[in-house]
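I opened the model today to look up how its parts pack. My entries follow.

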Amino acid sequence: MDILSVFGWGIRTGGHFKSALAHMKCLNKKGHRIDVLMPSGESSAGVVQEFIDSGVKIHLFHKGPHRGRLPSFRGANDIISFCKNK
């Protein structure tokens, strides 16, 4: 099965990303293909490499500027385009 995971922010060290990584490793071992969409320019290279080493394919998109406390939805177009092409 092809699985798409969308992160609203770049991959950094922390509990959420360690949990996501463990989950994706398990899914990959079961034969699933995992793609991750994440905003460009906001991640820790070493942590991103852990995802890549576990068989996850990383794709970058532009999330758009923040408006107040919530990000804009301009990144939705990138997500839709990615899904159409895959």
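**Notebook: helix H1 and its surroundings**

I began at the end of H1, where glycine 31 follows the helix with a positive phi, near 95°. I am working on a predicted model, in which local features need pLDDT of at least 70, side-chain atom pairs count only at pLDDT 80 or more, and totals for chains, interfaces and linings use all residues. Numbering runs from 1 along each chain as its sequence is written, and side-chain values use heavy atoms, without hydrogens and water.

I then checked H1 itself. Helices here are DSSP runs (H or I, at least four residues), strands likewise (E, at least two), numbered from the N terminus. H1 covers residues 15-29 and reaches 21 Å from first to last C-alpha, close to the 21 Å expected at 1.5 Å a residue. That expectation is 1.5 Å times one less than the number of residues.

Which residues of H1 are buried? I found Phe17, Ala20, Leu21, Met24 and Leu27. Buried means under 20% relative accessible area, exposed over 50% (1.4 Å probe, protein chains only). Seen down the axis, the buried residues fall within an arc of 130°, so they line one face of H1. The arc uses directions from the helix axis to the C-beta atoms. Gly15 and Lys29 are exposed on the face turned away.

I looked up the packing partners next. The buried residues of H1 pack against strand S1 (2-6), strand S2 (33-39) and helix H2 (45-53). Contact means heavy atoms within 4.5 Å.

Last, I checked serine 54, in the loop between H2 and strand S3 (57-61). Serine 54 is buried, at 12% relative accessible area. Leaving out residues up to four places away in sequence, serine 54 touches Leu21, Lys25 and Asn28.
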